[in-house]
Structures are given as structure tokens and as C-alpha cells.
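User: Could you walk me through this model? I'd like to start with how the strands line up.

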Amino acid sequence: MNPKINNLIRPYRLAKHDVLWVVDSNVLSSTATLANSVTLLTAPPRPGQAAVGLVHHLPFAIYPDDSLGSRVEQAFLCATHAKMYLAINWVTIGSCVTGKSCLYRRSDLERAADKKRKGGKGLVLADGEGGLAAFGKYLGEDNMIGEAIWEDLGMRHAMGGEVAGNAVGSMSFQTFFRRRVRWIRVRKYMVV
């Protein structure tokens, strides 16, 4: 059901290492992003603190054209969305992840899917394969993966210091509006 999972499943199966970086094709980042993210993911936790299970980055709009939709998308991502995203992640009351750029361990994803199937909290996973494929029935797989790592494994999320530069390009206002409505609907049924 999820086109992103469909695109990722083959490389996921072929990956030779445990640490995976899932980054959208329209995202640009600094040359230090991956190294800094691995450092955050693998750092030993402080006493009384859970280990980091997922590293993500703040989506930030770049390269919009002069169309109204592109400019409104830029304003939304760089203002309203950024403020909410940063605030929720600062107070750490729950998982809040946008999947533009996420780093996690395949072994944690496999454990989270397995634990979720055996009576974990919240969502129901797809039947069949474990790991990434188990989250394929959700359009907002990023949110579901983050929730499973947070809730079922009890692991923290860390936000990298770099942004996920989301190349906006050309977008009409109608396209912007339809995109917002679609994601509000998706999040409503995933979170509420």
C-alpha cells in the first residue's frame, strides 16, 4: 500500500549493515549529516536514560520557485511545521518523526515489529514479513516506525543538528492545499 515502503523493501533486504539511513529523494543534507547521525545513534546513554533508537532531522523547505503553492509550502515547513516539530521533540512527550531523513537499526525495526505483533501498543502491522515490510500498510510509515521504536522498545529519538533540506520546486496552491488535506487525514487516523 505504501509506495515508499515498496521502493525501499528491496534495498532493505539487500542491506549488509544494521544501521540504515532512509532519506527521501528530494532531500539535500550536509556532508556531515550521516556521520553525525551515526554518532547520535550509537552514543552510550547517560545513566537513567534510554538508548537512542532513531535519529531524525528537521524538514526545512529549500529551492521553491515563485509559484504561490511553493511559497506557502516553504512558509509552512519553515515556520508553523518547524515550530511544532521542534517543540514536540524538545518536550519529548511522545514520538514525533517526519520521515524525510531517519536513521535506525534494522535489528531494532525487526524487534519493534515482532513486539508489536505480540501485543504491542497502538497500531496493527501488516501480516507476513517483519521489519520494514510490516509497516507497509500505513501511508505514514515514518510515524508508525517512530512510535513502535519509542513505545514498544522504550528507546529515545534524537534530532540531528542538520536539517533535511526538502527541495520544494514548483507547486500550485491547489497542489499545496490537497497535500495538506491528505496528510491531515492520514495523521488523524494514525494518531487519534
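User: Which residue in β4 is the bridge partner of V22?

Analyst: First, a caveat: this is a predicted model, so local features need pLDDT of at least 70, side-chain atom pairs count only at pLDDT 80 or more, and totals for chains, interfaces and linings use all residues. Residues are numbered from 1 along each chain as its sequence is written, and side-chain values use heavy atoms, without hydrogens and water. Strands here are DSSP runs of E, at least two residues, numbered from the N terminus, and two of them pair if DSSP finds at least two bridges between them. Strand β1 (residues 19-23) runs antiparallel to β4, with five bridges joining them, and V22's partner in β4 is C102.

User: Which residue stands opposite C102 on the β3 side?

Analyst: Strand β3 (residues 52-64) also pairs with β4, antiparallel, over three bridges. There, the residue opposite C102 is H56.

User: How many residues of β4 are buried?

Analyst: Buried means under 20% relative accessible area (1.4 Å probe, protein chains only). S101, L103 and R105 are buried on one face of β4, and C102 and Y104 on the other. For β4 (residues 101-105), that count is five of five.

User: Which element gives the most to the largest nonpolar core?

Analyst: A nonpolar core is a set of buried Ala, Val, Leu, Ile, Met, Phe, Trp, Tyr and Cys residues joined through side-chain atoms within 4.5 Å. The largest has 23 residues, with Y104 and L132 among those with the most contacts inside it. Elements giving two or more residues include β1, β4 and α5 (141-152). The top contributor, with four residues, is α5.

Technical notes:
Buried < 20%, exposed > 50% of the residue type's maximum accessible area, 1.4 Å probe, protein only.
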